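Look over the chain below. This report takes its salt bridges, ring pairs, surface and a helix end in turn.

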Amino acid sequence: MILKDRVLQMEADGFVRRRRMTADTSGGDAAVAGASAGAEIHWLGGRFWGVSESLVGTLTPRIAGEPELHVGHLYGSQEASDLSEPDYEGLPQGASTSTHMLAGAVAGIMEHCLMFPIDCVKTRMQSLQPEPAARYRNVMDALRQIVRTEGIWRPIRGLNVTAVGAGPAHALYFACYERLKKVLSDIIHPGANSHLANGAAGCVATLLHDAAMNPAEVVKQRMQMYNSPYRGVLDCMRCVWQREGVLAFYRSYTTQLTMNVPFQALHFMTYEYLQELLNPQRQYNPSSHMVSGALAGAIAAAATTPLDVCKTLLNTQESLALDSVSQSGRHISGLGHAFRTVYRLGGLPAYFKGVQARVIYQMPSTAISWSVYEFFKYIITKHQHEKRRIQRDGEK
């Protein structure tokens, strides 16, 4: 306590000396002097606020996991202000998993819902043997034709099943990623960020995400195809179940994993690398989250397009494609079978059908996902911090 009083006295003396120097300056502008006085009053207020925060920290017990307050924090306005700000990356113990799951679920639903019309175009442009009326020059041409010939609601057909699947899938995805990233980083590179840990955590998180999302993907893509015979989501699920069995909902699971594991590894490693460049302090920064997410999504999407074409073929079991390879009445099963079928129908260029639509879809999609996820993580963390501070103040 004596040490704190001496610190306060020393800083107050410095304040008085500066005020005297300002008052003795001849010919000074009154406005400049007034601004200087205001700044110094603000500085002195900050000093007293820092001391009061220190006293409160001394008189009240610390919550588990909260860092101890040191006298050294009084030196420097930035450090003093940090005391009242929530620790964005270090969430309160016992709350981090639920926070990541809630933020991830909201991010996933918003991402898929906002970008669903482009996803519909992507699915159609990846068709290997499209109907004459379903051949499009580019993404905008596809959207115009779909709306003009099939109605304004056609590009969002199947949105409901996607939203239902995206919530739990992304909740598991982000919670698993954040947890494993921290654990693996502590093992591989203690005290620092590890790109290997980020990539490995993204791969494991993909296993959970795709297990929850794959059935919704099958239903969604069948309803997105041109001349889809299904009246609605329930009708599609019933027909697939009755005609192809329950395994049809997971026919593309191994292909999905084969595509998404490298996709997510590239995605997370690129995102974390760009965050180190654009946001080295790892604070909540919407523009850096958006730019990093968009670039990470574009790079990963372009690199994994051939696998996405095969996944679409496995999910849709496109009838014209089956007829062209003399497999009417049979199903394409397995990644190898899908790869051979794609090559037979279109050669090497067929593996990159819809790459433009895929990149255009993924860039804003991942930008939205990361922006919404980081925003909700920040808001929830800040709310938890305020609750802890109120509880701490109540225990004075």
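What follows is a short tour of side-chain features in a predicted model.

## Salt bridges

The count of salt bridges comes to 21. Asp 308 and Arg 358 form one of them, with N and O 3.3 Å apart. This pair links distant parts of the chain. Asp 308 sits in helix α12 (residues 305–316) and Arg 358 in helix α15, 50 residues apart. Asp 308 has 1% relative accessibility, so it counts as buried. Arg 358 is at 3% and counts as buried too.

Helix α15 holds another pair, Lys 377 and Glu 374. The spacing is again three residues, about one turn of the helix. The closest N and O atoms lie 3.6 Å apart. Lys 377 is buried at 2% relative accessibility. Glu 374 is buried at 4%.

## Aromatic pairs

The model has 14 aromatic pairs. Tyr 173 and Phe 174 are one of these, in an edge-to-face arrangement. Tyr 173 is buried, with a relative accessible area of 5%. Phe 174 is buried at 1%.

Phe 339 and Tyr 351 form a tilted pair. Why tilted? The planes stand at 40 degrees, between the cut-offs of 30 and 60 degrees, so neither stacked nor edge-to-face applies. The centres are 5.3 Å apart. This pair links distant parts of the chain, with its residues twelve apart. Phe 339 belongs to helix α14 (residues 335–346). Tyr 351 lies in the loop between α14 and α15 (355–394). Phe 339 is partly exposed at 27% relative accessibility, whereas Tyr 351 is buried at 10%.

Ring pairs also build a cluster. Its members are Tyr 173, Phe 174, Tyr 177, Phe 268, Tyr 271, Trp 370 and Tyr 373.

## Nonpolar surface patch

A nonpolar patch lies on the surface. It is formed by Tyr 273, Leu 277, Leu 278, Val 291, Leu 295 and Met 363. Together these residues have about 520 Å² of accessible area. Two elements give two or more residues each: α10 (253–278) and α11 (286–303). Which element gives the largest share? Helix α10 does, with three residues.

Tyr 273 is a patch member that lies in helix α10. Its relative accessibility is 41%, so Tyr 273 counts as partly exposed.

## Around Met 125

Met 125 is in helix α5 (residues 116–125). Its relative accessibility is 15%, which is under the 20% cut-off, so Met 125 counts as buried.

What does Met 125 contact beyond its neighbours within four places in sequence? The partners are Tyr 136, Asn 138, Val 139, Lys 353, Gly 354 and Ala 357. Val 139 is 14 residues from Met 125 along the chain. The C-alpha atoms of these two are separated by 8.5 Å.

How values were computed:
Residues numbered from 1 in each chain as written. Predicted model: local features only at pLDDT ≥ 70, side-chain atom pairs only at ≥ 80, totals over all residues. Heavy atoms only, no water. Patch = residues over 30% accessible without salt bridge, like charges linked within 9 Å, V, L, I, M, F, W, Y side chains within 5 Å. Areas by Shrake-Rupley, 256 points an atom, 1.4 Å probe, with all protein chains shown as cover. Salt bridge = Lys/Arg side-chain N within 4 Å of Asp/Glu carboxyl O. Helix = DSSP H or I, 4+ residues; strand = E, 2+ residues; numbered from the N terminus. Buried < 20%, exposed > 50% of the residue type's maximum accessible area, 1.4 Å probe, protein only. Contact = heavy atoms within 4.5 Å. Phe/Tyr/Trp six-rings, centres within 6.5 Å; stacked < 30°, edge-to-face > 60°.
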